[in-house]
Amino acid sequence: MLLSAGLFMISCDKVEEPFTKPLTLDSTITKTVLLEDYTGHTCVNCPDAGVLSRNLKENLGENLVVIAVHAGFFAMPKEIEGFPADYRTEAGNEWNSFFGITGYPSGMVNRKDFGNSKHILSVGAWSAKILEALKEPAQLDLTVTNSYNNTTRELTTTVETEFLKAIDKNLKLVVVLTESGIVSPQKNNNAEVGVTPIIYDYVHNHVLRSCINGTWGTSITAIGSAPQDAISKTFTYVIPENFVAENCEVVAFVFDDDTKEVLEAAEGELD
């Protein structure tokens with residue numbers, strides 16, 4: 001009974017026409033914005049959001065980092081329907097619950113609160129909010145350096161946080177692993193995106209696979225601490241056998257623990 005009642009609060013939201021026009025950025029922009037796409041393989045409108053995030057990434061390049069978070073009802077495995085894969089993660093489930101996401105696809109841009117604790121954005125708002133965020137001055141610079149051992153599958157990642165100004169905030173660093181090029185079925189209701197009602201060879205990109213240093217990350221500064229020029233953190237992680245290492249990337253982002261807003265993000269391929 002509880003499950004049935006909960007389903008009425010879950011929706012698969014129709015997406016307006018994806019943003020496809022090229023963007024021209026000011027050459028002085030150094031900020032990198034984080035876009036989280038909350039999705040699921042039985043969400044019929046989620047492929048439209050995937051097209052949008054792909055186009056935005058192609059246009060904005062290193063100024064945009066994308067994480068596709070599979071969470072919620074539409075991300076659940078449904079083997080009897082032909083969707084046996086489970087791309088959910090502990091971190092993704094916790095973020096989904098914490099921010100109160102019930103409609104899919106939905107997104108967050110830098111986890112910014114756009115009023116009345118409303119961090120969640122409909123897909124149609126992503127482009128404008130990303131461009132707004134890019135106009136803000138960068139407060140940090142993040143650099144991700146990876147070393148990967150093909151034999152042991154051990155990843156060593158070092159994240160360098162350089163402060164561009166004095167910041168008196170409770171800052172945390174989150175480091176996650178994403179994977180692209182994962183082929184598995186995806187429900188779809190837009191023939192312009194792919195076969196309907198199911199794209200059997202759908203390519204899932206930027207999929208959150210694991211949170212290397214925990215759901216809410218590692219503390220790097222606290223209010224009242226002395227200003228710092230840079231902080232370096234190194235983490236190790238053994239990549240599971242069912243992940244394709246050459247398709248993985250490390251994503252790092254720093255956020256204000258009091259507001260949850262992300263100040264800066266970065267990504268790095270495995271070397």
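The dialogue below sets computed values against the definitions of the terms.

Tutor: This is a predicted model, in which local features need pLDDT of at least 70 and side-chain atom pairs count only at pLDDT 80 or more, while totals for chains, interfaces and linings use all residues. Residues are numbered from 1 along each chain as its sequence is written, and side-chain values use heavy atoms, with hydrogens and water left out.

Student: What is the mean pLDDT of the chain?

Tutor: The mean is 91, and 89% of the residues reach 70 or more; pLDDT is the predictor's confidence in each residue, from 0 to 100. Over residues 1–9, however, pLDDT stays under 50. Where pLDDT is low, the predicted coordinates should not be read in detail.

Student: Why is the pair of Phe 98 and Phe 99 called edge-to-face?

Tutor: Rings of Phe, Tyr and Trp (its six-membered ring) pair if their centres lie within 6.5 Å; planes under 30 degrees apart count as stacked, over 60 as edge-to-face and the rest as tilted. The centres of Phe 98 and Phe 99 are 5.0 Å apart and their planes stand at 85°, so the pair is edge-to-face.

Student: What makes Phe 98 partly exposed, and why is Phe 99 called buried?

Tutor: Buried means under 20% relative accessible area, exposed over 50%, and partly exposed in between (1.4 Å probe, protein chains only). Phe 98 has a relative accessible area of 47%, so it is partly exposed. Phe 99 has 9% and is therefore buried.

Student: Which residues form one aromatic cluster?

Tutor: The cluster consists of Trp 95, Phe 98, Phe 99, Trp 216, Phe 253 and Phe 255. The whole structure holds eight aromatic pairs. One of them joins Trp 95 to Phe 253, edge-to-face, at 6.3 Å centre to centre with 65° between the planes. This pair links distant parts of the chain, 158 residues apart: Trp 95 lies in helix H3 (residues 90–98) and Phe 253 in strand S16 (residues 248–256). Helices (H or I, at least four residues) and strands (E, at least two) are DSSP runs, numbered from the N terminus. Both Trp 95 and Phe 253 are buried.

Student: How do you know that the charged end of Lys 260 sits over the ring of Trp 216?

Tutor: A charge sits over a ring if NZ of Lys or CZ of Arg is within 6 Å of the ring centre and within 35 degrees of the ring normal. The charged end of Lys 260 is 5.2 Å from the centre of the Trp 216 ring and is placed over that ring. Lys 78 likewise lies over the face of Phe 73, at 4.3 Å from the ring centre.

Terms used: Contact = heavy atoms within 4.5 Å.
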